[in-house]
Each structure stands twice: as structure tokens, then as C-alpha cells.
Amino acid sequence: MGNTIENTLGMSDLTGKVAVITGGASGIGLGLAEEFIGAGMKVVLADIDEPRLRDVESRLTESGAEVATVVCNTTSEADVRWLGLATRVGSCGSRVVQQRGIKLGSVTLE
Ligand SMILES: NC(=O)c1ccc[n+]([C@@H]2O[C@H](COP(=O)([O-])OP(=O)(O)OC[C@H]3O[C@@H](n4cnc5c(N)ncnc54)[C@H](O)[C@@H]3O)[C@@H](O)[C@H]2O)c1
């Protein structure tokens, strides 16, 4: 058994699964995101630093990754609830999850 992210997580195939990563715009969170993308996962990056989140989203998307971003302060219960909702809706078809608006077909949740 190699030292892969699949082995670390005890899962055999991560392809197409969704990882939600708080603090995902830099440091350990971003490193994890890159590992997950490498394993074929889609990632939802949540971070309090919006400009950095946008930069990372552009870079990862340009490289072909499926990435959604949510501005979220994890010390705010409302923000974390929003992250959960945005992730569920985004996983149901639309991968467009931006700031506080979710675009799903013609419906926009605010
Ligand atoms: N770096 C280490 O060696 C190390 C070692 C052990 C534990 N840790 C812990 O792991 C965590 C991540 O470490 P890191 O070095 O990647 O940190 P970091 O300082 O690089 O932060 C990672 C990201 O978290 C975001 N963030 C900060 N506060 C936030 C909030 N309230 N809501 C949402 N996003 C927020 C930042 O904007 C940043 O993009 C920290 O809790 C740190 O204490 C780090």
C-alpha cells in the first residue's frame, strides 16, 4: 500500500467525491485541496480571505480542477450553515457557488 491520500483517508476511490475544506485558500487547507484534486475529487474551498480565495479558484480552475468557493468565517454559525447549504445545492448539479449567491438554473438563493 502506497502513501496515497486514499490510504490516509481509508477510502478506495475518491474520484468524483466532494471535499469541503475550510481555510482552503492557503497553507494546510490548500495543500489538502491540491491532494484531493489530484485524486479526482471536486473541492469546495471555504475561507475568510476572499481575494486569496478568488486567486486560488482561478489558478485551480485553469488547471482543470472542479472548484467552488464560498466566503465563510468558521467562527460564524450563520456562515457555516451557509457553507453547508451552498455545498448541498452545488453538489446537486451546479458547481457555481459564489460568495453569498448560489446560481442553480434560473434560481438564485441568497
Ligand atoms: N502550519 C503548521 O505547521 C500547523 C501545525 C499544527 C497545526 N496547525 C493548525 O492548522 C490550521 C491551519 O494551519 P495553516 O498553517 O494552514 O494556517 P494559515 O494561517 O495558513 O491559514 C489557513 C487559511 O485559513 C483561513 N482562515 C483563518 N481564519 C479563518 C476563519 N475564521 N474562517 C475561515 N477561514 C479562516 C486563512 O485566511 C487562510 O487562508 C491552523 O488552525 C493551525 O493552527 C498548523
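Me: Which residue in β3 stands opposite Val43?
Reply: Ground rules first: this is a predicted model, where local features need pLDDT of at least 70, side-chain atom pairs count only at pLDDT 80 or more, and totals for chains, interfaces and linings use all residues. Numbering starts from 1 along each chain as its sequence is written. Strands (E, at least two residues) and helices (H or I, at least four) are DSSP runs, numbered from the N terminus. With that settled, the residue standing opposite Val43 in β3 is Val67.

Me: How many bridges join β2 to β3?
Reply: Strands count as paired if DSSP finds at least two bridges between them. β2 covers residues 42-47 and runs parallel to β3. The number of bridges joining them is 5.

Me: What is the strand order in the open sheet?
Reply: The edges are β1 (18-22) and β3 (67-71), each pairing on one side only. From one strand to the next, the twist averages 15°, with angles taken between N-to-C directions on a 0 to 180 degrees range and axes fitted to C-alpha atoms, for helices over the stretch in contact. The pairing is parallel, and the order of the 3 strands is β1-β2-β3.

Me: At about what angle does α2 run to β1?
Reply: Look for the helix lying across β1 and β2. That helix is α2, and its angle to β1 is about 170°.

Me: Which helix gives the most residues to the shell around the ligand?
Reply: The ligand is surrounded by 15 residues, the closest being Gly23, Ser26, Gly27, Ile28 and Asp49; a residue counts if its C-beta atom, placed from the backbone, lies within 6 Å. They split into 4 nonpolar, 8 polar and 3 charged, where Ala, Val, Leu, Ile, Met, Phe, Trp, Tyr, Cys and Pro are nonpolar, Asp, Glu, Lys and Arg charged, and the others, Gly among them, polar. With 3 residues, spanning 27-38 itself, the top helix is α2.

Methods: Contact = placed C-beta atoms within 7 Å.
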